[in-house]
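Please look over the sequence and the structure shown below.

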Amino acid sequence: MRTTLTLDDDIADALKERARLLDKPFKQVVNEILRRGLSPAPEERRPVIEVKAICSGLRPGIDPLKLNELYGQLETEDFLREQERDRP
């Protein structure tokens, strides 16, 4: 199909330069670029990330049986701080 198309100067220059570098006719380069732009984008392949879990345990001196107790103390402190903040 023959048609008239008005291109911005920078686009026309880039197409002419690409045609020159590829040693292809201007018409062929324009058609290839338009085809590429109109075709659906291929699904991007994301790199596969493998996560390996290691058993590091707790730091020495931390008693796992007292973690709930620690959580309770922290929760109580937060509650008391909020109560003090809310007082007039």
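Predicted model: local features only at pLDDT ≥ 70, side-chain atom pairs only at ≥ 80, totals over all residues.

Side chains of opposite charge can pair when their charged atoms come close. In this structure the count comes to 4 salt bridges. One of them joins Arg20 to Glu17, with the closest N and O atoms 2.6 Å apart. Both residues belong to helix H1, where 3 residues, or about one turn of the helix, separate Arg20 from Glu17. Arg20 is exposed, at 55% relative accessible area, whereas Glu17 is partly exposed, at 34%.

Through shared partners, the salt bridges link Glu77, Asp78 and Arg81 into one network.

The loop between helix H1 (9–22) and H2 contains Asp23. Although Asp23 is not a glycine, its phi is positive, at about 55 degrees. Asp23 counts as exposed because its relative accessible area is 71%, over the cut-off of 50%.

Elsewhere, Leu58, Ile62, Leu67, Leu70 and Leu74 make a nonpolar surface patch of about 430 Å². Of these, Leu58 lies in the loop between helix H2 (26–38) and helix H3 (67–86).

Finally, where is empty space left? Rolling a probe the size of a water molecule over the atoms shows this. The largest pocket holds about 420 Å³ of space. Its lining includes Met1, Phe26, Val30 and Leu34, and the lining residues divide into 6 nonpolar, 3 polar and 2 charged.

Technical notes: Residues numbered from 1 in each chain as written. Heavy atoms only, no water. Patch = residues over 30% accessible without salt bridge, like charges linked within 9 Å, V, L, I, M, F, W, Y side chains within 5 Å. Areas by Shrake-Rupley, 256 points an atom, 1.4 Å probe, with all protein chains shown as cover. Salt bridge = Lys/Arg side-chain N within 4 Å of Asp/Glu carboxyl O. Helix = DSSP H or I, 4+ residues; strand = E, 2+ residues; numbered from the N terminus. 1 Å grid on protein atoms, 1.4 Å probe; cavity = no way out; pocket = protein on both sides within 12 Å on 5 of 7 lines; lining within 4 Å. Points joined across faces, edges and corners; volume = space filled by probe spheres on them. Nonpolar A, V, L, I, M, F, W, Y, C, P; charged D, E, K, R; others polar. Buried < 20%, exposed > 50% of the residue type's maximum accessible area, 1.4 Å probe, protein only.
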